Amino acid sequence: MQRTQISKDLFNKIILDRQLTLFIHSVYDHVINTVDLNNNLVTLTINPYKIMPMGIVLPEKEKLDTLKTLDTLTIGFTSSSLIKIEDEIEVVDLFVYSRPEHKHAFLSAYPVLIDFLIRKSSIDSFYKVITRAGGSKELVFSKLNTYLQALCHNSCVDETMNVFGFGRGLTPSSDDFILGLSSIFQYMGDKRLELIKVHGKKYLETTTFVSCQMLRNAWLGHYNFFIHQLLQAIVHNQLSEEILLSTTSYGHTSGMDTLFGITTGIKIIKDNSIPF
């Protein structure tokens, strides 16, 4: 029997408060987005969907469906909690710890990653939008290029330039790209992550609520399961077509856009240049 999973950052928050009250924000077939009293996003989903920061994965869809009719719900250690934290729950640590000693593994993986992007990116993925920029897309290309050139030179990004919120969906493509870029800089212990944070905090409120929360969690060090899966596959020399297809399968283009960010970060670390 599958166990309920809870991310460690959410678990630690519940330990402090004993019980957390959540308000329903939005409901989808396999996902319920909720917010706590401080307007932090907490996501509930089911298997086979994967754990994410400030998230819970329930073992059965029936349990998720019963929650969809509510306006509020509670999760915690108390007998009155609607979702009870019990012994059989699995706590998942989604913090990305810096391992700069693995740099060679990532540099070696770069040709495989860029080849996969070229072959498998859909026409509306961020990689294809940027590499085929023209017309109305030229502004996006110009802004992203300027943004990345600043990072290549370890320089502060122009604070008047907003690169967030480009694309459709709950997490726009440019935000997923920056998520991937941030994750590789964090894993490598690269100081350019601080440049991303300093610039980005000014613009987070200009993108979608879900994307804003995703990047805030990332800049606290917490990244989704798929990023962890990909990073570990690279480190342990287990990168394969199957792994790449799995780690890029979520969202409409979110997985592929995140991979584009990771690949670009590796290229910047490798030789202070970008892959387009």
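# Exercises: sheet and helix packing

In strand E8, Gln-5 has Glu-90 as its bridge partner. This is a predicted model: local features need pLDDT of at least 70, side-chain atom pairs count only at pLDDT 80 or more, and totals for chains, interfaces and linings use all residues. Residues are numbered from 1 along each chain as its sequence is written, and side-chain values use heavy atoms, with hydrogens and water left out. Helices (H or I, at least four residues) and strands (E, at least two) are DSSP runs, numbered from the N terminus.

## Exercise 1

Task: place the strands in the sheet and name its edges.

Solution. 
- Start with the pair E1 and E8. They run parallel and are joined by 3 bridges. Two strands pair if DSSP finds at least two bridges between them.
- Now take the whole sheet. It is open and has 8 strands, in the order E7-E6-E2-E3-E4-E5-E1-E8, with mixed pairing.
- The edges are E7 (83-84) and E8, since each pairs on one side only.

## Exercise 2

Task: describe strand E4 (residues 41-46), its neighbours and its burial.

Solution. 
- Take E3 (residues 31-35) first. E3 pairs with E4 in the antiparallel sense over 5 bridges. Ile-32 has Leu-44 of E4 as its bridge partner.
- Look at the turn. E3 and E4 form a hairpin with 5 residues between them, and Asn-39 in the turn has a positive phi of about 65°.
- Go to E5 (residues 55-58). E4 and E5 run parallel, joined by 4 bridges. Thr-45 stands opposite Val-57 in E5.
- Check burial. Buried means under 20% relative accessible area, exposed over 50%, partly exposed in between (1.4 Å probe, protein chains only). In E4, 6 of the 6 residues are buried, so the strand is largely enclosed by the rest of the structure.

## Exercise 3

Task: which residues of helix H1 (residues 8-17) are buried, and what covers them?

Solution. 
- The buried residues in H1 are Asp-9, Leu-10, Phe-11 and Ile-14.
- Their cover includes E1 (5-7), E2 (19-27), E4, E5, E6 (72-76) and E8 (90-92).
- Look just past the helix. Arg-18 takes a positive phi of about 70°.

## Exercise 4

Task: compare the packing of H7 (residues 192-200) on H6 (residues 173-187) and on H5 (residues 138-152).

Solution. 
- Begin with H6. The axes of H6 and H7 come within 8 Å and cross at roughly 145°. Axes are lines fitted to C-alpha atoms, for helices over the stretch in contact, and angles run from 0 to 180 degrees between N-to-C directions.
- List the contact (heavy atoms within 4.5 Å). H6 gives Ile-178, Leu-181, Ser-182, Phe-185 and Gln-186, and H7 gives Arg-192, Leu-193 and Ile-196.
- Turn to H5. H5 and H7 pack at an angle of about 140°, with axes 10 Å apart. H5 is therefore oblique to H7. Angles under 35 degrees count as roughly parallel, over 145 as roughly antiparallel, 65 to 115 as roughly perpendicular and the rest as oblique.
- List this contact too. Tyr-147, Leu-151 and Cys-152 of H5 meet Arg-192, Leu-195, Ile-196 and His-199 of H7.
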